[in-house]
Amino acid sequence: MPDNFVVTPWRVEGEIDYDRLTEQFGTTKLTDELLDRLRKIAGEDHFMLRRRIFFSHRDLNMILDSHESGKGFFLYTGRGPSGHTHIGHLIPWVFAKWLQDRFGANMYFQLTDDEKFYSQNNMTLDETRGFAYENALDFVALGFDPAKTSIVIDTEDISTLYPLAAQVAKKLNFSNMKAVFGFTNETNIGMIFYTSLQSAPCFLEDKPVLIPLGVDQDPHFRLTRDVAPKLGRPKPALLHNIMVPALGGPGGKMSGSSGGAIYTTDDPGTVKKKINKYAFSGGKADVEEHRKLGGDPEVDVSYQYLRIFFEPDDARLRKIHDEYRSGSLLTGELKGILIEKINTFLARHQEARERAKDRMGEFRLAKN
Ligand code: TRP
């Protein structure tokens with residue numbers, strides 16, 4: 001039976017079956033053993049590991065080996081600046097921040113203003129560069145250590161990236177790109193070259209790299225991993241997170257282009273309106289039926305946002321889960337809890353984001 005979902009770097013649709021996706025992509029599910037090893041070395045657990053928000057990986061063991069051998073590793077993730085940052089984008093960044101704190105690793109954050117210019121028909125390069133700056137503010141606001149963190153903007157830092165991208169580009173051909181991304185003769189040649197640029201930061205340091213990322217980005221790095229040994233470099237290791245469901249769920253991913261995203265720049269009234277009006281509900285048709293039969297937290301988008309991001313406390317999450325299941329908690333009340341959580345988070349985040357405006361210089365990639 002064909003899968004009725006699609007996951008590519010530029011399109012995510014349908015209700016994703018993550019077991020099937022793991023098979024399709026050929027990645028490895030995170031086992032309890034591997035998670036225990038990571039927690040033990042990190043000296044701390046993280047709710048995104050416990051809840052399998054990060055669910056799959058490539059070569060995480062190799063990264064932990066490298067750490068234990070004293071060679072260490074560095075971190076890399078990125079963002080295609082096609083609009084303001086939404087909650088879905090923050091998942092790998094928040095987790096990367098935790099990894100930086102626990103392992104003291106250097107971190108590179110790539111903003112692909114060129115990619116979004118190539119892939120979005122209606123955006124100018126000035127617009128994608130503008131959003132690169134806006135997105136960088138959100139990244140800095142999360143509290144990365146400026147001494148260990150560099151923001152890499154493709155069109156501005158190309159002199160550092162290009163020699164690395166060229167090494168990769170020579171080992172990839174048009175058939176590879178067609179096979180992985182379904183490109184055709186009509187695809188613009190910027191897109192065809194682009195994977196080499198997203199690969200480049202993997203080789204910025206002479207150490208293995210660990211990339212926390214949304215699983216939709218895996219195909220690029222599958223190609224990078226094929227190329228790396230040919231360049232005499234270690235394959236990049238990956239840690240994949242699930243896609244945050246679209247507000248109007250239950251399928252799809254949170255996305256600006258398909259409507260229904262909570263942006264880091266939203267004000268409290270907007271958040272309230274969006275959640276109340278659009279958040280897909282797992283509740284029953286009316287209160288009486290809901291009280292009798294209970295709701296379904298698995299498909300309820302408000303509950304899922306709490307699980308994925310906004311309620312790290314397991315006991316409190318379980319209470320909400322059980323009360324919604326039993327019908328004592330109504331959809332409107334569940335939405336109220338989420339709205340409060342989002343707005344508390346955003347109030348702090350937006351303050352930090354303001355302060356980041358004076359600090360961008362501290363995070364620019366040093367020219368070499
Ligand atoms: N292509 C990614 C996007 O559209 C941006 C990106 C660049 C990225 N480098 C990355 C994402 C490394 C994850 C990891 O969002």
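Modeller: Happy to! A contact here means heavy atoms within 4.5 Å. Keep in mind that this is a predicted model.

Biologist: Which residues does Ile151 touch, leaving out those up to four places away in sequence?

Modeller: Ile151 touches Phe109, Leu111, Ala136, Phe139, Val140, Asp157, Met360, Phe363, Arg364 and Leu365.

Biologist: What makes a group of residues a nonpolar core, and which residues have the most contacts inside the largest one?

Modeller: The members must be buried and joined through side-chain atoms within 4.5 Å, and buried means under 20% relative accessible area. The largest such core has 77 residues, with Leu60, Ile151, Leu210 and Ile275 making the most contacts inside it. Helix α5 (residues 87-103) gives the most to this core, nine residues. Domain 1 (6-242) and domain 2 (258-355) each supply at least three residues to this core. Apart from it lies another core of 28 residues, including Phe183 and Leu223.

Biologist: Why are β3 and β7 called edge strands?

Modeller: Pairing takes at least two bridges between two strands. β3 (28-29) and β7 (149-153) each pair on one side only, so they are the edges. The open sheet has seven strands in the order β3-β4-β9-β8-β5-β6-β7, with mixed pairing.

Biologist: How do you know that β4 and β9 pair?

Modeller: Four bridges join β4 (residues 54-58) to β9 (residues 237-241), and the requirement is at least two, so they count as a pair. These two strands run antiparallel, and Ser56 has His240 in β9 as its bridge partner.

Biologist: Where does α5 lie?

Modeller: Helix α5 lies across β4, β5, β6, β7, β8 and β9, at about 160° to β5.

Terms used:
Residues are numbered from 1 along each chain as its sequence is written. This is a predicted model: local features need pLDDT of at least 70, side-chain atom pairs count only at pLDDT 80 or more; totals for chains, interfaces and linings use all residues. Side-chain values use heavy atoms; hydrogens and water are left out. Buried means under 20% relative accessible area, exposed over 50%, partly exposed in between (1.4 Å probe, protein chains only). Domain bounds come from an automatic or database domain assignment. Axes are lines fitted to C-alpha atoms, for helices over the stretch in contact, and angles run from 0 to 180 degrees between N-to-C directions.
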